Amino acid sequence: MTTVICPYCFDRAPAAKLPYRCLMTPSGVRGGAPCGPERDDVWAGFMGPSVPPAARMRGPVFLPARGVAALAAGVRGGGSSVSCPGCGVTTPVRVCRSCHSDLPSDYCDQDSRIIALVGAKASGKSTYVSVLVNELNQRVGQSYQAVLAAMGQSTQQRDKEMAEDLYDRLRLPDATRPAALGFNDPLLYRLSVPRRSRMGSGTRHTTLVFFDAAGEDLAGAEAMDRYTRYLSAADGIVLLVDPLQLGSVRDRLPVHDGPPLPVVETPPRQIAADLAAQLRAHGKGGSRGRVSTPIAVAVTKSDMLKPLLDPHSPLLANAPHTGGAFDEDGRLAVHEEIRSLMADWDAGALVRQLELDFAELSLFGLSALGAPPPADAPADVPKSGPRPVRVEDPLLWLLVRRGLLPVRSAGKGRVK
Ligand SMILES: Nc1nc2c(ncn2[C@@H]2O[C@H](COP(=O)(O)OP(=O)(O)OP(=O)(O)O)[C@@H](O)[C@H]2O)c(=O)[nH]1
Ligand SMILES: [Zn+2]
Ligand SMILES: [Zn+2]
């Protein structure tokens, strides 16, 4: 049975139980009058007072007769259209039963996995997501025979605009824009990977939902209800840590010719503690007081750390992904390297906090750009374009944890 998690309110429902929305299209059949709009108070209530009264009038929402829904849900490949009981015209549009948000047409054909992305302001979230999507569709996708397709118009549009900026115009995301990925704009993708089993080969599809939670919004009792629901629905968390936010890293870096260091925001240790507190308060505290949700903590902008690294550091080159399997030994090497770097940073407070709070923790280091932005043009991508290093590791590790990708450990000489 396919379980769908609404990317807007995080309600979890079996796909077959999701209502449909009539598109109010004329049937073309003589005498067949199309449905008229109805007030959708459920949706309007969810969206809040900013929705003008006229926009509350929408196509009627209906639950198909039982047998029909089961039949439609059984049809593979997105062919699940049903006839509206009001006008008889078929509609493929599914809505969330709890908030009545429309779901992209192919959203309900596979299970959903929510990946929460958390990071302080300017920690590199937008750049990371765009470069990650690009890598998953190119180098990494090729290794795993995987495809990542944007779902729904708003994700497709955002991807296109960000890619044009980063790869064609060589511009960094605009710092003055409002929150990069607002809460009403989760990024929705369908990840398709080959499925090999004794039953033969096929393809496994998973819906990936990315959200950006600005770390500073997680603090204290004011944390919105929605953040909390989002975090507790998450299958995995990627926490981005900007090393330039850590006093001891800033002090240790040689005087460099890159752009000026960013202003200090909420300390990463505070974000990690708030995150754990939120998750614990919502039933994610496992035994021994640690949170059970897997968390990938990634130090971003690793290109800036080069002066602190050994020339053979595993942080300086991408994982090989040989044979379409995740390199577990490489991950461990990166984890240890970041762990020992962090032990020196602010007396190891962040890593201590993380290890006390999270049961499944892996540390990563990545650079979305591969080099600092040019000193004379700090709003630009380096002239050579983004040359990402290890940008895919945190997400791949989370997918491996969920059994969605094969893993290889040379020490044990096996692929799982
Ligand atoms: N050196 C280096 N700097 C980076 C990298 N990625 C991002 N940056 C810098 O970090 C800044 C912020 O990046 P964004 O991707 O906008 O960060 P964000 O977390 O989405 O920012 P907000 O949405 O404003 O919170 C960029 O303008 C760059 O200056 C990287 O890989 N290396
Ligand atoms: Zn919903
Ligand atoms: Zn109708």
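The model is predicted.

**Zinc site**

Four cysteines hold the zinc ion (ligand 3): Cys 22, Cys 35, Cys 84 and Cys 87. Each one donates its SG atom, and the distances run from 2.3 to 2.4 Å. The site is tetrahedral, with angles of 105 to 116 degrees among the four donor atoms. Along the chain, the donors are spaced C-x12-C-x48-C-x2-C. Two of these cysteines link distant parts of the chain, as Cys 22 and Cys 84 are 62 residues apart. Cys 22 sits in the loop between β3 (20–21) and β4 (38–39). Cys 84 sits in the loop between β7 (82–83) and β8 (90–91). Both Cys 22 and Cys 84 are buried.

**Nonpolar cores**

The largest nonpolar core has 58 residues. Leu 239, Val 297, Met 342, Leu 354 and Phe 358 have the most contacts inside this core. Helix α8 (residues 268–281) supplies the largest share, five residues. The core also draws on both domains: at least three residues come from each of domain 1 (3–109) and domain 2 (112–415).

What does Val 297 touch, leaving aside residues up to four places away in sequence? Its contacts are Leu 239, Val 241, Met 342, Leu 354, Leu 361, Ser 362, Leu 363 and Phe 364.

There is also a second, separate core. This one has 40 residues, including Val 133, Leu 166, Leu 187 and Phe 210.

Most residues other than glycine have a negative phi.

| Residue | Loop | Relative accessible area |
|---|---|---|
| His 100 | between β9 (94–95) and β10 (102–103) | 13% |
| Arg 390 | between β18 (361–365) and α11 (393–401) | 5% |

His 100 counts as buried because its relative accessibility is 13%. Arg 390 is buried too, because its relative accessible area is 5%.

Conventions. Residues numbered from 1 in each chain as written. Chains lettered and ligands numbered in written order. Predicted model: local features only at pLDDT ≥ 70, side-chain atom pairs only at ≥ 80, totals over all residues. Heavy atoms only, no water. Core = buried A, V, L, I, M, F, W, Y, C linked by side-chain atoms within 4.5 Å. Buried < 20%, exposed > 50% of the residue type's maximum accessible area, 1.4 Å probe, protein only. Helix = DSSP H or I, 4+ residues; strand = E, 2+ residues; numbered from the N terminus. Domains from an automatic or database assignment. Contact = heavy atoms within 4.5 Å. Donors = N, O, S within 2.8 Å, 3.2 Å for Na, K, Ca; no water. Tetrahedral: all angles 85-135°; square planar, octahedral: opposite > 155°, others 65-115°.
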